[in-house]
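Visitor: I'd like a close look at just one part of this protein, please. Could you take me through it slowly?

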Amino acid sequence: DVYEEPALIEEAVYEEVSYEETTMEAEEIIETEEISEEETVPEETFEEEVIEETAEVFEEEAEEAIEEPEEETEAAEADAETIEADAELFAIVASGNCGSGVDWKYEKDSDADYGVLTVYGSGDMSDYSATSAPWNKYKEEIVEVRVETGVTAIGAFAFYNCNKLSKVTISSSVLTIGDSAFEECQLLEEIKIPDSVTTIGANVLNGCISLKSLTLTDSVTSVGAGICRGCTSLESINFSKAALASAIEAGYAFYNCFSLSDPHDKIEMPKGATSTITGFEIPDTTTAIGPRTFWNCTELTAVVIPEGITEIPADAFNGCYSIKKVSLPESLTKVGNNAFTACTGITDVYCYADPKSLTWDEDSCNDFKKDRSTVCHVPAEYLDDYNTYFSLLVVLSLFELYHLPFHNHYMNTIM
């Protein structure tokens, strides 16, 4: 018995230690489970957090949405303030009546020296002379003209010699523009003629030396003489056939427009000619060519005169030295004095007129090329008559020798 006691004690100690270890392990497991429970988020708590985060996002977006209109409102208010400030800068200097039911006001920005003339009301403006418009004393200051809706006609000489005028607005209620309405407006580079306009008076843009282009639509049926006379910077036109025919018939339409380029129309040559040319085509509805219509149009390269024209008046193409080809119709009976004077670039003339019925009033024979190398193309049936009527040396006195224009020019048959 004594011998076995230590063994029992040892076993007891062993068992006691094992119990303690087991207890410690259990406690560790319990602690781990508690930690896991703390780290694990219950589903309800997660959903609440998501809802809270979503609510915060919506609140931020709502705040931004509120801020944007506020910014727009602030911008609008700033614009309104600017407009109000501009309105304060422009003070009405003078005003009055300029037609039955039509009034005017002249405003000026004293800081920028910018004058605005506004015509408003209902009806036609009155016609004036060169110096009788009621705003005549301010015409050296006027930079902008506004013709508002309701006004149906711009009076003659209305804005004559407003030499600082650079901007024009014409409402679509205007039907008529009177004579010389914008004559001598030397800084005017462009002007839009509304489709409502049917009648344009004489010299409306005469002397507008800065004007670069002009468009007239089908609505324009009547154009007075000198529509673009002296528009030395005019480079291009876009006229309807009716407007162009009317302008040419009136005369002086493109007088001294030496920057006006060919529209490069492809023109079918009249009967007998086998080729086409590109150049300036006078509309076939044109019944006459007015005086000095193309004087000094130095950029034109070719011209076809349509059938039905009976006369080319004096100086019609005087100084058009870049023209190379001209076609003259069968209906032609008269060419006026100096009609083609100084047209020294013309290489070919296609003449379909009956020489027995044709009068060419040219006494010094300075039409066409001076070296007399211009080729005159005529119908075969007329060749002998052309050589008879237009190749004779005419002696007017012992000291003065004059030639008819075709003298020594080469005659060639068209067909």
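In what sense do strand S18 (residues 334-335) and S20 pair, and over how many bridges?

Guide: Happy to. First, a word on what you're looking at. This is a predicted model, where local features need pLDDT of at least 70 and side-chain atom pairs count only at pLDDT 80 or more, while totals for chains, interfaces and linings use all residues. Residues are numbered from 1 along each chain as its sequence is written, and side-chain values use heavy atoms, with hydrogens and water left out.

Now your pair: S18 and S20 run in the parallel sense, with two bridges between them. Strands here are DSSP runs of E with at least two residues, helices are runs of H or I with at least four, and both are numbered from the N terminus. Two strands count as paired if DSSP finds at least two bridges between them. Zoom in on Lys334 and you'll find its bridge partner in S20, Thr359. Strands of a sheet pair through backbone hydrogen bonds, either parallel or antiparallel.

For comparison, look at another open sheet, with five strands in the order S1-S2-S3-S5-S7 and mixed pairing. Its edge strands are S1 (90-99) and S7 (167-170), each pairing on one side only. Ignoring direction, neighbouring strands in this sheet are turned by 15° against each other on average, using axes fitted to C-alpha atoms. Here too you can find a parallel pair: strand S5 (residues 142-147) is joined to S7 by four bridges.

Of its 415 residues, 39% are buried, meaning under 20% relative accessible area with a 1.4 Å probe, counting protein chains only. The largest nonpolar core has 85 residues, and Trp135 and Phe340 are among those with the most contacts inside it. Such a core is a set of buried Ala, Val, Leu, Ile, Met, Phe, Trp, Tyr and Cys residues joined through side-chain atoms within 4.5 Å.

Key. Buried < 20%, exposed > 50% of the residue type's maximum accessible area, 1.4 Å probe, protein only. Axes fitted to C-alpha atoms, helices over the stretch in contact; angles between N-to-C directions.
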